[in-house]
Amino acid sequence: MENLAVASAIGFIAIVVAAAALFAESASIAEERSAIAFLSKGSVRADPMRFDDPAFSRVHSISGGSAPFGAILSLPTRQGALRTALLFRKDGSVAAASALGPGPAPAWLKLLVGTGGTSATPSSKSDAADPDAVSGATESFLDVADAIGRASASVAEAAR
Amino acid sequence: MNARRAAFVPNPLLAGMLGICPLVAADRSLPEGIALGLGAAICSLVLGAVAAPSRGIVPDRLRAPFSLALSAAVALLYSFGVRAYSPIVADGLGIFLPLLAVSALSLHTLRRSSAVNGSASTRERYSSIAKEAFAFLATAVLIGAAREALGMGTLTIPLPGEGELRLMELPSSPLRMLSSSAGGFILIGCLAAAYRLALRGAGRKIP
Amino acid sequence: MSYLGIIASSVFASNALLAYGLGSIPAFKNDHEAGADVASKVGRGSLASAAALACVNALAAVLLWCIRGLVLAPLGLSSLDILFFALIAVPLLKALSRAAASGEGAIARIGAEAEELVVGSLVFGVALIVAKGGYSLGEALAAGAASGLGYWMATSLLESIRERLELSDVPAAFKGAPSMLLSAGLMSMALMGIDSILVRNLGS
């Protein structure tokens with residue numbers, strides 16, 4: 001009887017947390033759609049595609065905007081996570097990138113626009129269009145490029 | 001004088017090294033310090049409030065899994081709240097928000113509250129738990145503020161959504177190393193030593 | 001990343017103690033300080049400790065990988081990983097440790113050490129880092145085991161530093177945990193000098 005009571009209590013706790021998780025997810029999706037719609041000037045569809053990646057969990061389809069796909073990525077840098085809104089073309093290449101939050105975006109972020117899809121994301125500092133802009137942040141730049149590469153591959157696969 | 005000394009509760013972080021794990025790696029700014037300190041305090045207070053009353057309801061062999069499940073649930077609910085308030089802070093904290101489930105402060109509170117032969121009354125026990133939780137919060141905020149000011153040259157307060165209120169901005173960061181785990185270890189080590197000096201100066205025994 | 005890169009990265013560049021601060025309490029509390037328990041003995045240079053750390057972290061990483069990838073992610077509930085880890089993986093790990101501890105010889109020693117480790121920031125933290133790292137199952141196993149060994153390496157080094165500091169004339173305020181924290185900070189700084197890009201590309 002005691003075992004049943006404890007199991008029921010734990011089950012109730014799990015249900016409450018799961019309900020909260022679903023509510024939190026829908027709020028998070030709404031926030032992402034708002035950020036992507038602002039960047040793309042288009043309309044973001046309601047049901048995103050889901051992925052299990054350390055940097056991103058959803059890719060949104062856009063209609064009428066400057067690119068057909070968008071995602072919010074949490075990009076790893078030495079100073080912590082950099083939340084970035086990215087737009088992707090059908091082949092997975094990056095059409096636009098915009099750091100969210102009030103601080104200035106790192107100068108090397110714009111070097112990643114146009115990469116992905118048929119042209120690979122940089123795998124070393126020398127692959128960047130302006131290696132001097134990357135100096136001092138090589139590890140962050142390559143981690144970010146790697147994350148964007150995975151997002152790009154996921155978009156290209158989803159577009160097929 | 002003896003009653004005043006009896007009420008003294010040592011700082012759980014600086015005296016007992018409790019809850020140090022997330023502060024070393026993730027408490028790099030004032031917003032992160034507030035989030036981590038508040039999270040650990042809330043988990044500790046909830047577990048402290050539930051542990052003693054549940055002693056008569058939950059059998060001994062099920063108390064540990066029940067407490068761990070409750071701790072994980074509180075940590076998760078708190079992390080959803082942090083993400084709803086500021087996704088940037090939640091992303092910056094990463095795994096350390098769900099890790100509040102096994103915060104040493106919470107586990108310490110649980111052990112003390114579950115002790116059958118404790119001599120303290122319920123009110124004294126709750127008062128002691130609350131003091132420890134507040135001391136931890138204050139220390140986490142101090143560490144975050146110091147690391148952000150000296151390590152990044154800024155001081156910010158998180159606003160709802162993607163915003164922040166910048167209280168200070170220096171042209172360059174004075175001690176960039178403080179933003180890393182190495183700087184976290186060194187800063188907390190120095191603070192712990194300063195705390196011991198302060199205790200010695202106040203005539204108290206070092207815990 | 002190749003297996004060699006994963007192992008080298010988990011042991012050095014992403015060391016569980018020195019890079020993430022996981023498992024700090026057993027590392028910095030010595031046996032004489034109030035509140036120290038059996039867990040403070042883990043990582044004190046013995047091979048049983050190394051084996052316990054590697055096994056527990058590897059199993060924990062694999063269990064959370066399975067829970068997250070096979071159960072929660074398809075349902076869109078990946079954010080609940082820590083709750084299900086606490087409900088499913090922790091009792092399983094404790095049961096396995098207890099079974100090992102009731103054996104004989106080295107297995108019993110490893111089991112006893114492992115049982116103390118299960119509920120702690122080290123095991124939970126390593127499991128979370130590995131499960132969210134985008135690894136395959138084999139890579140998760142390697143990363144978990146390597147993280148445990150990296151922690152053992154760091155705590156063994158800190159233990160030998162502690163023994164030397166006890167014989168030195170350290171100011172009273174810095175005796176014990178404060179001096180150990182400063183030592184860990186300096187070791188962490190040394191590891192920061194390792195080129196993590198080079199380490200990750202090892203073997204590829």
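## Basis of the description

The model is predicted, so that local features need pLDDT of at least 70 and side-chain atom pairs count only at pLDDT 80 or more, while totals for chains, interfaces and linings use all residues. Residues are numbered from 1 along each chain as its sequence is written, chains are lettered from A and ligands numbered from 1 in the order in which they are written, and side-chain values use heavy atoms, with hydrogens and water left out.

## Chain A

Chain A contains 3 helices and 6 strands; these are DSSP runs numbered from the N terminus, with helices being H or I of at least four residues and strands being E of at least two. Read from the N terminus, the order of elements is α-β-β-β-β-β-β-α-α. Of the 160 residues in chain A, 44% are buried, where buried means under 20% relative accessible area, exposed means over 50%, and partly exposed lies in between (1.4 Å probe, protein chains only).

Contacts are heavy atoms within 4.5 Å. Among the contacts in chain A with a separation of 6 or more, 41% are between residues 24 or more positions apart. The accessible surface of chain A is about 7,500 Å², and carbon and sulfur atoms hold 57% of that area; accessible areas come from the Shrake-Rupley method with a 1.4 Å probe, and for residues only the protein chains shown count as cover.

Helix α1 of chain A includes A:Ser26, which is partly exposed at a relative accessible area of 41%.

## Chain B

Chain B has 8 helices and 2 strands, arranged from the N terminus as α-α-α-α-α-α-α-β-β-α. The radius of gyration of chain B is 18 Å, close to the 17 Å that the globule rule gives for 207 residues, so chain B is as compact as a globular protein of that length. This radius is taken over C-alpha atoms, and the globule rule is 2.2 Å times the number of residues to the power 0.38. Along the principal axes, the C-alpha atoms of chain B fill a box of roughly 60 × 45 × 25 Å.

Buried residues account for 57% of the 207 residues of chain B. Where contacts in chain B join residues at least 6 apart in sequence, 71% of them join residues at least 24 apart. Chain B exposes about 8,400 Å², with 67% supplied by carbon and sulfur atoms. Its side chains include 19 positive and 10 negative ones, and the centres of the two sets are 15 Å apart. Lys and Arg count as positive and Asp and Glu as negative, with His and the chain ends not counted; each charge is placed at NZ of Lys, CZ of Arg, CG of Asp or CD of Glu.

## A covered helix in chain C

Helix α6 of chain C, residues 121–131, is mostly covered, with 10 of its 11 residues buried. Among the buried residues are C:Leu122, C:Val123, C:Phe124 and C:Leu128. The cover over the buried residues of α6(C) includes α2 and α4 (60–85) of chain B, as well as α3, α4, α5 (105–117) and α7 (137–166) of chain C.

C:Leu77 lies in the loop between α3 (47–75) and α4 (81–101) of chain C and is buried, with a relative accessible area of 15%. Apart from neighbours within four places in sequence, C:Leu77 is in contact with A:Leu22 and C:Leu72. C:Leu77 and C:Val123 are 46 residues apart in sequence and 21 Å apart in space, C-alpha to C-alpha.

## Positive phi in two loops

Most residues other than glycine have a negative phi. A:Lys41, which is not a glycine, has a positive phi of about 60°. This residue is in the loop between α1 (2–40) and β1 (43–44) of chain A and counts as exposed at 64% relative accessibility.

B:Met17 also has a positive phi, near 60°. B:Met17 is in the loop between α1 (2–6) and α2 (20–26) of chain B, and its 2% relative accessibility makes it buried.

## Cysteines

A disulfide is a pair of cysteine sulfur atoms within 2.5 Å, and the count over all chains is 0. The sulfur of B:Cys190 is too far for a bond because the closest cysteine sulfur, in B:Cys21, is 19 Å away. B:Cys190 is partly exposed at 36% relative accessibility.

C:Cys66 is likewise in no disulfide, and the nearest cysteine sulfur, that of C:Cys55, is 17 Å away. With 25% relative accessibility, C:Cys66 counts as partly exposed.
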